Each structure stands twice: as C-alpha cells, then as structure tokens.
Amino acid sequence: MIKIVLDAMGGDNAPAEIINGALYAVNHFDVAIILVGDEYIIRTFNVDHPNISIIHASQSIDMDESPLQAFKKKKDSSIHVGLTLVKEGKADAFLSAGNTGAVMSCSLFILGRIPGVDRPALASVIPTKKGRALMLDMGSNVDSKPIHLEQYAMMGHFFSSQVLHVDQPKVGLINIGEEEEKGNQLTQETYESLKGNTAINFIGNLEGKDILYHKADVIVCDGFVGNTLLKFGEGLVDFIMSEIKNGILSSSPLAKLGGVLLKPVFKSIKKRIDYEEYGGAPLLGVNGVSLVAHGKSKQKAIVSAIRTAIESVESNMIDKISTAFQREYANQ
C-alpha cells in the first residue's frame, strides 16, 4: 500500500481541512496517510483509522518565514520530519499546503536532486479549453539558463505522459512570438536546444494567448514568467466571477432571472477553472515525490493532491525521469 506523508500543520486551513482530506482519502483510495505535526492538536480531531498514523513534530514553519533559515533552525518542523520519512524509505511521497519555499528548500536538501538535473522545477496543472496542461517552472527558479528550461521540458514531458496520461505530449516554449528568432537570448537559445532534443515532442514557441487554447500539453518557461502568469490567472478568475455576480445582482429583475437560469453554466465553468480540481504542484527533479498544494487548500484540494501523489508513485515517475536523464546526458 502506498504511504503518503501529509503535513498536518501546513496551510491557511490546517489542521482541520488537511485532516478531513486525509480521512476522505483513506476511505476512498488504497492508501495509507502519515499525518506529521503537533500530535496533541491532531488528536483533538477524530483521526482513528487503521490507515492513518501520526508522527509528532514539535515545530511548524509559518508562511512568511525564510525557507533557508527555517531549514537550518527548524529540524523538527512538520516539513523537515515529513520529507525525512520519504528520504529514509518509510513513506513514498510528501505533500504540504504550507510554505512553498520551505517545501522546495527542504526537498532539495533532504531528498537531493535526480542525477543529471541541475535545478528542480515546480510544475502546475492548469485548465485549458481541451482539458488540462502542465506549466513549469512556476517560481522555483527566477533566473534560469537554456539548459534548465530544456530539463524542465523533459521532466514535464514525463509527468504529462506518465501521470496525466497524455500520449506523446506536445511541448511548447513561452515567448513573445511564434517565430523561431523571436524573444530574448534565453528563449532563443532554449529554442535551439529543444529543437534538437529527440526525447520530447517540441512544437515551437507559444504566445500567451495560446496557453488556454491548449496548443501544447507541456508549457515551458522560467520561474519569473511562470509565477507571474499563475498569479495573474488566479486574480483574473476571481475578478471575472466577482464581476459576473455583481453585475447580475445590480441588474433588472429580468437580468436576475437570466442569471438564475444560467447558474448551472456558471457552476460548471467555476468547477473547470477551480484550482481545487487539479491537486498539488509536483516539485520535479528532486529524488523523491514531493508536492505543494495551494495555501488556501481545503478538503477537496487536499484529496486531489493526494490523488496526484498516488499517481506519481504508481507510475514510477522518479525512476523514469532518472533513466531519461542518464540516457540524455550520459555523453556530456
């Protein structure tokens, strides 16, 4: 049975929603959950289940703490203890809705990198017109080199094919134009590298408008661009849904009636673009399965993230990425 370590203290809604997600998962999936955090607090909830265990961690990392300082000074934090369980082979994957930087730093220092990977990348599944696509890097590296983006593309290819079950995923590079010569030095040099990489199905440059129309299954960019796009997208969704709601409420009775009739449509759209549907963001390139969930995650989002963790383990994603990198860079 797959064992998932869950940071019970991480996130805006911890520990209640984290524990609710764990309870749902063990009742619906063939999985064991290890809750890591303050045992006294965790046991105030009804967590009695044969597939749930608790590991005490006396410290937690706040959302605004320095990731590096937290790693050095808080060796008994729920993040540090949880990732150590994965490192020691006592669990198969780690998931936290806590401090993203701390999860990334601890994952890198505790689990290490897959041989051949220069920099791990944070990937995120995003909704598109045709379903969902994978974008990386979403902010773990804001200053990247062409070799890093090429590696992001390879890791994204394997996650998309093995976990998202996309056959021969199309890989695109975010740029300011579709033409090969467009962009800055980073994107131009990356284009050349990706064009010559036979391990992936590179289709060329993507403009921002192409992302949601699913021109590619894997969308590659540096962390500065990726994080900006992610935050803009989250804000845009909230803005549009708020404006629709306010517009209907302040309209004529006839318009309000129309809003009531269209409510199922709005609910369907909201469901498709809701981050809770897409689970955790995997940190690709570290030598173990480590995922970050949204800081505002509630039960539904935690369950989705646990499902992603399970699929990552079942697909042997780490071994497949490792094998691919050994083959690709063996002669370099």
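The questions and answers below go through some features of a predicted model.

User: What makes up the fold of the protein chain, in helices and strands?

Analyst: The protein chain has twelve helices and eleven strands. Buried residues make up 48% of its 332 residues.

User: Why is the pair of Tyr191 and Phe202 called edge-to-face?

Analyst: Start with the distance. The ring centres are 5.2 Å apart, and rings pair if their centres lie within 6.5 Å. Now the angle. The planes stand at 75 degrees, and planes over 60 degrees apart count as edge-to-face. So the pair is edge-to-face. The structure holds two aromatic pairs.

User: Where in the chain do Tyr191 and Phe202 sit?

Analyst: Tyr191 is in helix H7, residues 185-195. Phe202 is in strand S8, residues 201-206. They are eleven residues apart.

User: How do you know whether Tyr191 is buried or exposed?

Analyst: Its relative accessible area is 11%. Buried means under 20%, so Tyr191 is buried. Phe202 has 16% relative accessibility. That value is also under 20%, so Phe202 counts as buried.

User: What makes the charged end of Lys75 sit "over" the ring of Phe71?

Analyst: The charged end of Lys75 is 4.0 Å from the ring centre of Phe71. The distance limit is 6 Å, and the charge must also be within 35 degrees of the ring normal. Lys75 is listed as sitting over the ring.

User: Is Ser144 buried or exposed, and how do you know?

Analyst: Ser144 has 14% relative accessibility. The cut-off for buried is under 20%, so Ser144 counts as buried. Ser144 lies in the loop between strand S6 (131-136) and helix H6 (146-162).

User: Why is the link between the side chains of Ser144 and Tyr152 called a polar contact?

Analyst: The side chains are 3.3 Å apart at this contact. A polar contact needs a pair of N or O atoms within 3.5 Å, one able to donate a hydrogen and the other to accept it. So 3.3 Å meets the distance limit. Leaving aside neighbours within four places in sequence, Ser144 is also in contact with residues including Arg119, Asp222 and Gly223.

User: Which residues have the most contacts inside the largest nonpolar core?

Analyst: They are Leu6, Ile33 and Leu35, in a core of 60 residues. Helix H6 gives the largest share of this core, seven residues. Not counting residues up to four places away in sequence, Leu35 touches Leu6, Ala8 and Ile19, among others. A second, separate core has 35 residues, including Ile34 and Leu111. In soluble globular proteins, nonpolar side chains tend to be buried together.

Definitions and conventions
Residues are numbered from 1 along each chain as its sequence is written. This is a predicted model: local features need pLDDT of at least 70, side-chain atom pairs count only at pLDDT 80 or more; totals for chains, interfaces and linings use all residues. Side-chain values use heavy atoms; hydrogens and water are left out. Rings of Phe, Tyr and Trp (its six-membered ring) pair if their centres lie within 6.5 Å; planes under 30 degrees apart count as stacked, over 60 as edge-to-face and the rest as tilted. Helices (H or I, at least four residues) and strands (E, at least two) are DSSP runs, numbered from the N terminus. Buried means under 20% relative accessible area, exposed over 50%, partly exposed in between (1.4 Å probe, protein chains only). Contact means heavy atoms within 4.5 Å. A nonpolar core is a set of buried Ala, Val, Leu, Ile, Met, Phe, Trp, Tyr and Cys residues joined through side-chain atoms within 4.5 Å.
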